Amino acid sequence: MRVEDLDFRVDSGVYAPAEDTYLLIDAIDLDRDDVFLDVGCGAGFLTLGAARIVRRVVATDISLKAARNTLRNLERNGLARSCSVMQSDLLGSIPPAAFFSVIAFNPPYLPYDGTTTEIDHALLGGVKGTELAERFIQQAVRHLQRGGSVFVVSSSLSNIKDLKNVMVNCGLDIEIVASVSIFFEKIQVLKGTQQ
Ligand SMILES: C[S@@+](CC[C@H](N)C(=O)[O-])C[C@H]1O[C@@H](n2cnc3c(N)ncnc32)[C@H](O)[C@@H]1O
């Protein structure tokens with residue numbers, strides 16, 4: 001996805017694109033006919049990249065600030081027409097009859113460590129680190145077109161084994177399509193394709 005030339009701004013309290021964002025964006029292969037859902041869109045880096053390629057993009061975030069930030073970035077770059085942005089807990093506001101060929105989530109994936117900050121909603125994924133990602137997979141498979149794919153970022157600091165088990169139990173074939181080591185952590189992108 002081409003993103004370097006975007007007029008892209010990050011509001012305070014919203015996750016700024018980082019290594020995991022770039023890893024995910026490089027791992028997803030989209031074409032014009034795809035219908036793409038970006039869950040936890042943050043400031044919308046992935047949403048904007050996808051909006052330049054595909055027919056239709058839907059973006060959700062539980063944070064109203066993040067959803068607004070994505071919408072403004074889309075408008076700034078003349079990309080809002082093919083996109084819908086909504087505040088939603090995961091896929092909770094997606095109509096039951098809406099189906100996507102590609103669904104992605106760069107979730108909060110760190111285990112809860114007892115401390116709190118303004119950006120926790122973007123970082124902490126539960127006690128194991130994977131609870132939110134597991135819930136995402138269970139919801140996402142209900143909105144996948146036949147043969148569609150789910151992409152989810154995970155960290156070696158979290159319980160990736162449990163996440164993979166949930167993906168398998170949801171009928172997905174798993175592939176690790178990208179990974180990067182940063183200091184003491186390895187970040188991976190898992191791709192699940194419907195069997
Ligand atoms: C690590 S940030 C990723 C942001 C952006 N997609 C990126 O890659 O730069 C995780 C995002 O997930 C959002 N989020 C956290 N819990 C969520 C939930 N239950 N439903 C939807 N989004 C959620 C956060 O607000 C945050 O914007």
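Modeller: Let's start with a term: a polar contact is a pair of N or O atoms within 3.5 Å. Keep that in mind as we look at this predicted model.

Biologist: Which atoms lie 2.9 Å apart at Thr 21?

Modeller: There, an N or O atom in the Thr 21 side chain is 2.9 Å from a ligand oxygen. Asn 106 also has a polar side-chain atom 2.9 Å from an oxygen atom of the ligand. The protein buries 97% of the 600 Å² that the ligand exposes when taken alone.

Biologist: And where does the ligand sit?

Modeller: Its place is the largest pocket. Around the ligand are 19 residues, and the closest are Gly 40, Asp 61, Asp 89, Leu 90 and His 121.

Biologist: How many residues of each class make up that shell?

Modeller: You'll find 10 nonpolar, seven polar and two charged residues in it. Gly counts as polar because the classes place it there.

Biologist: Now the whole chain: how do you know that its radius of gyration agrees with a compact globule?

Modeller: For 195 residues, a compact globule would come out near 16 Å, and the chain has 15 Å, so the two agree. The chain has six helices and nine strands.

How values were computed. Residues numbered from 1 in each chain as written. Predicted model: local features only at pLDDT ≥ 70, side-chain atom pairs only at ≥ 80, totals over all residues. Heavy atoms only, no water. Near = heavy atom within 4 Å. Polar contact = N/O pair within 3.5 Å; in protein donor to acceptor, adjacent residues only side chain to side chain. Areas by Shrake-Rupley, 256 points an atom, 1.4 Å probe, with all protein chains shown as cover. 1 Å grid on protein atoms, 1.4 Å probe; cavity = no way out; pocket = protein on both sides within 12 Å on 5 of 7 lines; lining within 4 Å. Sits in = over half its atoms within 2 Å of the grid points. Helix = DSSP H or I, 4+ residues; strand = E, 2+ residues; numbered from the N terminus. Rg over C-alpha atoms; globule rule 2.2 N^0.38 Å.
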